[in-house]
Amino acid sequence: MLANGFDSILSLVTFLVFTGFAVAAFAFAATAREDAYRAADKQTKKFWMILLGVNLILNLLLPMLFLQIAGLIAAIVFMVDVRPALRQVTGGGGRRGGGSSSDGPYGPYNGGR
């Protein structure tokens, strides 16, 4: 009885995490510009939208673990490889508000002057 409850909770958590990650990857792929994919020398936006969209649909309609893992791998590849390249091309780098490379977390570093 307890093992069955644990199994169902684990399945629910797995479903929610995998589906949430698929939704996030799909949203990032949808919001990027088409020309950014070409400029970053990655697959086309259409390719990633289809791949991540099928992943999302399969997660929602047919939650089988091996399909979820395959979709998770596709989403991880997008988030780790493609998304940073798109952000670099479009100028959406890690720094907010500009600033120079010598800026610290509390403002510019002036060398102790």
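**Notes on the predicted model**

1. Asp41 counts as exposed, at 69% relative accessibility, where exposed means over 50% relative accessible area, buried under 20% and partly exposed in between, taken with a 1.4 Å probe and protein chains only. Asp41 is placed in the loop between α2 (34–39) and α3, helices being DSSP runs of H or I with at least four residues and strands runs of E with at least two, numbered from the N terminus. Although Asp41 is not a glycine, its phi is positive, at about 60 degrees.

2. On provenance, this is a predicted model, in which local features need pLDDT of at least 70 and side-chain atom pairs count only at pLDDT 80 or more, while totals for chains, interfaces and linings use all residues. Residues are numbered from 1 along each chain as its sequence is written, and side-chain values use heavy atoms, with hydrogens and water left out.

3. As to confidence, pLDDT is the predictor's own confidence in each residue, on a scale from 0 to 100. The mean pLDDT of the protein chain is 83, and 77% of its residues reach 70 or more. Among the elements of the chain, α3 has the highest mean pLDDT (92), whereas strand β1 (residues 103–104) has the lowest (64).

4. The protein chain holds 4 helices and 2 strands, and the order of its elements from the N terminus is α-α-α-α-β-β. Of its 113 residues, 22% count as buried. Among contacts with a separation of 6 or more, 63% are accounted for by residues 24 or more positions apart, a contact being heavy atoms within 4.5 Å. The accessible surface comes to about 7900 Å², of which 67% belongs to carbon and sulfur atoms; such areas come from the Shrake-Rupley method with a 1.4 Å probe, and for residues only the protein chains shown count as cover.

5. Lys42 is also placed in the loop between α2 and α3, and at 27% relative accessibility Lys42 counts as partly exposed. Leaving aside neighbours within four places in sequence, Lys42 is in contact with Tyr37, Asp81, Val82 and Ala85. Lys42 and Phe78 are 36 residues apart in sequence, and their C-alpha atoms are 10.0 Å apart in space.

6. Phe28 itself lies in helix α1 (residues 2–31) and is partly exposed, with a relative accessible area of 33%. A separation of 9.8 Å is found between the C-alpha atoms of Phe28 and Met49, which are 21 residues apart along the chain.

7. Which residues does Asn59 contact, once its neighbours within four places in sequence are left aside? They are Phe15, Phe18, Thr19, Ala22 and Gln68. Asn59 is placed in helix α3 and is buried, with a relative accessible area of 2%.

8. Thr19, one of the contacts of Asn59, is placed in helix α1 and counts as buried at 9% relative accessibility. Apart from neighbours within four places in sequence, Thr19 is in contact with Leu56, Asn59 and Leu60. The side chain of Thr19 also reaches the backbone oxygen of Phe15, at 2.7 Å.

9. Ser11, likewise placed in helix α1, counts as partly exposed at 42% relative accessibility. Ser11 and Leu65 are 54 residues apart in sequence, while their C-alpha atoms are 9.1 Å apart in space.

10. Finally, a nonpolar patch on the surface is formed by Ile50, Val54, Ile57, Leu58, Leu60, Leu61, Leu62, Met64 and Phe66, with about 850 Å² of accessible area together. Patches are made of residues with over 30% relative accessible area and no salt bridge, with like charges joined within 9 Å and nonpolar side chains (Val, Leu, Ile, Met, Phe, Trp, Tyr) within 5 Å; a salt bridge is a side-chain nitrogen of Lys or Arg within 4 Å of a carboxyl oxygen of Asp or Glu. Helix α3 (residues 45–61) contributes the largest share of this patch, 6 residues. Met64, one of the patch residues, is placed in the loop between α3 and α4 (65–90) and counts as partly exposed at 35% relative accessibility.

Definitions and conventions. A polar contact is a pair of N or O atoms within 3.5 Å; within protein, one must be able to donate a hydrogen and the other to accept it, and residues adjacent in sequence count only if both atoms are side-chain atoms.
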